[in-house]
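Please look over the sequence and the structure shown below before reading the report that follows.

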Amino acid sequence: MTTESPGRLRASSGLRVAVVGLGWMGQVHARSWARLPQHYPDLGLRPRLVAAADPVPSLRSIADAYGFETFVGDWRALVARDDIDVVSVTGPNHVHRDVGVAVAQAGKHLWIEKPAGRNAGETAQIAAAVQAAGVCSAAGFNYRNAPAVGLARDLVAEGRLGRLEQVDVRFLADYAAHPEGALSWRFANATAGSGVLGDLVCHATDLARYVAGEIVELVVDEGRFIASRPEPAAAGSHFARGAGPLGPVENEDYVGALLRFSSGARGTLTASRVAVGEQCAYEIVVHGDRGALAWDFRRMGELRTCLDQDYQDASWSTVLVGRDAGELARFQPAPGIPLGYDDLKVIEAYRLVSSIVGDVSTGATIDDALTAARTVEAMALSIAERRWVTL
């Protein structure tokens with residue numbers, strides 16, 4: 001157990017941090033922890049990078065570059081330490097359940113990337129462990145942290161769009177579009193749990209429910225457009241090219257869904273990892289009976305709005321979100337200077353630490369990850385049984 005009580009830390013104390021997995025996302029977490037006191041000095045709490053764990057020995061140099069005091073190959077040795085308060089879990093999907101449960105049972109706070117488990121059952125086990133231990137949690141739904149998304153949520157909640165009628169979400173990427181892309185762990189169900197469902201759709205559903213309310217019913221189609229891929233020549237990311245014999249792709253490249261929301265609104269969701277010409281094309285458009293709004297991750301600092309006009313011939317305006325929107329003032333002095341991806345993760349870290357020191361949950365938690373996992377599970381059922389499914 002940690003030397004502090006597992007529930008909360010004193011704001012005047014340090015925060016002893018560990019990271020499991022030092023790939024791209026693990027490094028994003030390490031940078032976020034390091035930057036936290038720069039943007040939120042009033043927290044009075046300085047993270048200390050105590051330990052990192054990764055089975056790839058060559059990543060020791062990465063751990064050294066980020067200033068971790070210790071590097072280990074086995075995450076179990078990290079979780080067993082008594083000088084760690086919070087653990088970032090950023091490894092491949094198949095380790096998330098075991099690490100997440102162990103972190104919570106050890107009395108340590110948890111920041112876990114999506115999908116928290118390969119399926120809803122694994123995610124529920126993590127959520128139960130977090131609840132039983134009384135620790136705080138954060139889940140990696142970073143897009144909801146964009147100031148423009150917060151403004152969109154506020155406009156919907158204030159009724160500025162009127163009665164919601166239509167919610168359309170698109171998460172399109174090309175990271176798996178090359179047919180010679182290596183057959184990494186992401187394409188095997190034993191290690192990934194699913195394909196684009198767990199990778200992008202969970203983000204899309206979280207963004208949709210954060211802005212427009214709960215999804216209550218859905219029907220889904222899927223497509224697997226690249227049926228086989230070459231085995232990887234060596235360890236690498238899912239952008240790497242393969243050079244070995246072909247092996248089967250076990251999960252979906254594309255998902256298309258019709259959605260029904262608790263408000264009565266209807267919606268669509270489209271996600272693809274093989275969309276040629278699309279890089280991080282993550283968008284949400286919401287229409288009500290009196291107005292509309294739209295946000296695109298690639299223009300993160302902008303919110304397009306159509307408000308306070310007549311029903312017909314209404315026009316759109318582009319709002320550059322200002323210092324009063326979300327956490328923008330912590331990063332930039334004025335509208336028109338957009339945040340970046342890493343900034344959203346710093347906000348995520350801040351919201352977790354705010355929960356730890358203030359006993360108030362202010363960001364996405366393991367419960368949001370469980371909702372996303374159950375939504376993905378309902379989508380998989382709809383695909384398998386070719387029918388509408390109620391959540």
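Setting aside residues up to four places away in sequence, Trp-33 touches Leu-15, Val-17, Val-19, Pro-47, Leu-49, Val-86, Ser-88, Trp-111, Ala-349, Leu-352 and Val-353, where contact means heavy atoms within 4.5 Å. This is a predicted model, in which local features need pLDDT of at least 70 and side-chain atom pairs count only at pLDDT 80 or more, while totals for chains, interfaces and linings use all residues. Residues are numbered from 1 along each chain as its sequence is written, and side-chain values use heavy atoms, with hydrogens and water left out.

Trp-33 is also among the residues with the most contacts inside the largest nonpolar core, which has 125 residues; such a core is a set of buried Ala, Val, Leu, Ile, Met, Phe, Trp, Tyr and Cys residues joined through side-chain atoms within 4.5 Å. Helix H8, residues 196-212, gives the most to this core, with 11 residues. Helices (H or I, at least four residues) and strands (E, at least two) are DSSP runs, numbered from the N terminus.

## Helices H1 and H9

Helix H1 (residues 24-39) packs against helix H9 (residues 341-358) at an angle of about 65°, and their axes are 8 Å apart; the axes are lines fitted to C-alpha atoms over the stretch in contact, and angles run from 0 to 180 degrees between N-to-C directions. H1 is therefore roughly perpendicular to H9, a term that covers angles of 65 to 115 degrees.

Among the residues that meet in this contact are Trp-33 and Leu-36 in H1, and Ala-349, Leu-352 and Val-353 in H9.

Gly-198 lies in helix H8 and is buried, with a relative accessible area of 7% (buried means under 20%, exposed over 50% and partly exposed in between, with a 1.4 Å probe and protein chains only). Leaving aside neighbours within four places in sequence, Gly-198 is in contact with Lys-114 and Pro-115, and these two residues are joined by a cis peptide bond with omega of about -15°. Pro-115 lies in the loop between strand E5 (109-112) and helix H5 (120-133).

## Two residues with positive phi

Most residues other than glycine have a negative phi. Cys-280, however, has a positive phi near 55°; Cys-280 is found in the loop between strands E12 (266-272) and E13 (281-288) and is partly exposed, at 34% relative accessibility. Asp-313 likewise has a positive phi, of about 60°, and is exposed at 80% relative accessibility.

Key:
Parallel < 35°, antiparallel > 145°, perpendicular 65-115°, else oblique.
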